[in-house]
Amino acid sequence: MGKKLVIVESPAKAKTIKKFLGKDYDVTSSYGHIADLPSKDIGIDLETFTPKYVISADKKDLIKKLKSLASKADEILLASDEDREGEAIAWHLKTQLKIKEEKSKRIVFHEITESAIKNAIENPREIDYNLVDAQQARRLLDRLVGYELSPILWRKVRKGLSAGRVQSVAVRLIVEREQEVRNHVPKVSYRVNANFSNEHNHSFGATLDTEFDKNQEVTDFLQSLKNANFTVADIATKSAKKTPAPPFTTSTLQQDAARKLGFGVSKTMMLAQKLYENGFITYMRTDSVNLSQDAKKQAVAMITKTFGKEYSKTRNFKNKSKGAQEAHEAIRPTVISRRNLDMDFDSNRLYDLIWKRTVASQMADAKIDRTVAKIKNDKNKHLFVAKGEVIVFDGFLKLYQVSTDPSDEQEAKGQLPKMSQNEKLSNNYIEAIQKYSRPAPRFNEAALVKKMEELGIGRPSTYAPTISTIQKRGYIEKKSLEPKERKITKWILENGNISEVTEIEKYGNEKNKLIPTDIGIVVNDFLIAHFDHVLDYNFTAKIEQELDRIAEGEKPWKEMMSEFYGEFHPIVEDVAKNAVRARGERLLGVDPKTGKNVYVKIGQYGPLVQIGESNEEEKPTFAGAPKGINLADITLEQALAMFQFPKVLGNYKDKEVVVATGRYGPYLIYNDKFISIPKNIDPVNIEMDQATDLIEKKLKQDEPIAHFDNLPVFKGKGRFGPFIKWNDLFINVSKKYDFDNLSKEDIDTLIKNKIQKEKDKMVKVWDGEDISLQKGKWGRLVIVKGKKKIMLPKGTDPKSITLEVAKKNLK
């Protein structure tokens, strides 16, 4: 009897499954998709919407290997993930490997445990072609939109730009939020807080039941309370409860990991993938909140044993998402009793979050007593309100606290002292504070995922790639904004006297927010102006619903493609023919020297300033726009200042010092050296002593710090951190070294280790050809010639790479 072949899409997944199966099984990996649309062609027959799939060059050797294994096996089990993407991988494997129907079986599981794998093998099924069709429809839709819109952007905005169906809608969300923030006009109001003591001299805080709009109203109100008497008008305590949140879906995991652990969505998914492939959690791309009966039983046993029977409450959660069908279960630990893992620090933290959320979902409600006291005075009708709460039974809160957005209002915490109705209170002080309304906060990654899910844009498998793509394309930046300062007024009534103080309030401090770039705004405005239907939120959500219908077998996928393209393509043709070029142009004013208009706009290499009109006989003059300032915020004065560059600042040690600006920002030119001017120094107003300080630092940095084998050693800081450079080798300096105080021994060790590492990488060197075969990342081989590198498929036999083969790959 021959072996059975199990094909999964990940080597880590294959390694884990191999542990559970005996010698009768071979387990191997396809390393993701083995076939896709061609990279240099649209790859779609636009008459029939038939895709033209190709095998990429780096997968050809892998296909040969898989075919060989398949030919020797009695049965091939296609075990890729159970979502649409996984179903398509299984279909491509069956098609490209030409597996006969009687030898092919599809198995699925949502956790990589021994029982789940063996159960899947005992209960195989056919490939679900409805899921395959839904994946094909999404892939082809995205290819059509990208291939048709991107050339339009090249011609009408700038070369090298691209657009995507879901990505462009995500950019629209971020741009519109940014516009909302910029257009926000702060409204002033005044909040009044007070501090009282009861008859037993226990103090507590309270807030007035209204806010004032004018400072005169505030001062009049405080004046009226100078000799006021305060009593408890009403006090009531009500019992309430807090219910735990459901177990994690993909989006809620991404949101909580961002808020509690500070992880970006891509990092969260990378770690979750690792946990899944090692058999520690269930499948991580899901919008289901269900738990299996077995998982609930495990939770009851663990909760009862650890916390007591009163803390256990079995719950069934219902999906709020209409199309919740990416997988059958929420994200949970595969073994509830497994509390801790022996993995890397961040993987352990994410697992702990998943474990707590899962277990808490099966715990009892928290019971809370909430008290509200209303306090009246004998001078006016306004009431102060004091709130407090006491946790009577902590329930699930013993284990897990649900996180919220920073913008969400937080409920009052703490306990109020005992008071009775009509009890007289002592007023310690009353404080009125000026405050400004704030715009909705900019999106961070977690908030964007939440918004996309609310609108029905994308699905669990698309959130992280979407956010990653719009950042890679340069449409969005993840930035932290420094706080600004403004004055606020505060009035304090204490002991019958009113004092007024002015304080400095810091505001606008935002961390890791998604902010549109100038080109992102221009592209978004152009697409909305000409393709508003495609970028409409409801239309994008409707497309997702149509894909769900295809997955359920309710609609033929090519019918949906025909409907979309029939409406989309004529618009593309019309825009290509008739739309004017988009520059994001904004008139700032008039240049006092020439009397010509001054504009800021998007040029081929980024934002620029233009004096004069493009259609005049005399050509306009250009300068790079100030760095670090959005086009929408550049003033006429700032724009005109850019035309003074390059300018001679003076002489230093008999050499001229010149200030200039370029594509990457302002810099100094001194003795043929180019020295960047940091962001905290304004190039327009840079002083000579600031320039000479930068020059001296650069000269010192460029001096060798040591010699090794009679060659100089230099040090610097680059994109990936501190390094030393020797003989054209760049050597990263890890944190275990004191970079500012490297000893000769440190330097020698770093260089020797690097030389040895470079030798160890070499597999083959062809003398006189400047070609080598080296060990690359992830265990793959790399053919290297100069700066050109060709990564070979994993598993390539080094003996098969001759000089002739290497040259062929380098072509």
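**Close-up views of a predicted model**

**View 1. Strands β26 and β27 pair through six bridges.** Strand β26 covers residues 711-718 and strand β27 covers residues 721-726, and the two run antiparallel.

**View 2. Another open sheet is formed by four strands in the order β29-β30-β31-β32.** The pairing in this sheet is antiparallel. At its edges stand β29 (762-766) and β32 (788-791); each has a single partner strand, so one side of each lacks a neighbour in the sheet. The twist here averages 20 degrees from one strand to the next.

**View 3. Strand β29 is joined to β30 and has a helix lying across it.** Four bridges link β29 to β30 (residues 771-775), and the two strands run antiparallel. Lys 764 is placed opposite Leu 773 in β30. Helix α19, made of residues 744-761, lies across β29 and β30. The helix runs at about 75 degrees to β29.

**View 4. Helices α6 and α15 cross in a left-handed way.** Two packed helices are described by the angle between their axes and the distance between the axes. For α6 (residues 165-183) and α15 (residues 537-551), the axes come within 10 Å and the crossing angle is roughly 145 degrees. On the α6 side, the contact includes Arg 165, Val 169 and Leu 173.

**View 5. The largest nonpolar core has 147 residues.** Phe 109 and Leu 350 have the most contacts inside this core. Helix α5 (residues 129-156) gives the most to the core, with eleven residues. Leaving aside neighbours within four places in sequence, Leu 350 is in contact with residues including Leu 253, Leu 261, Phe 263, Thr 268 and Leu 275. Another core, of 26 residues, lies apart from the largest one; Ala 194, Ala 373, Ile 375 and Met 419 are among its members.

Terms used. Residues numbered from 1 in each chain as written. Predicted model: local features only at pLDDT ≥ 70, side-chain atom pairs only at ≥ 80, totals over all residues. Heavy atoms only, no water. Pairing = 2+ DSSP bridges. Axes fitted to C-alpha atoms, helices over the stretch in contact; angles between N-to-C directions. Contact = heavy atoms within 4.5 Å. Core = buried A, V, L, I, M, F, W, Y, C linked by side-chain atoms within 4.5 Å. Buried < 20%, exposed > 50% of the residue type's maximum accessible area, 1.4 Å probe, protein only. Left-handed = near helix turned anticlockwise from the far one by under 90°.
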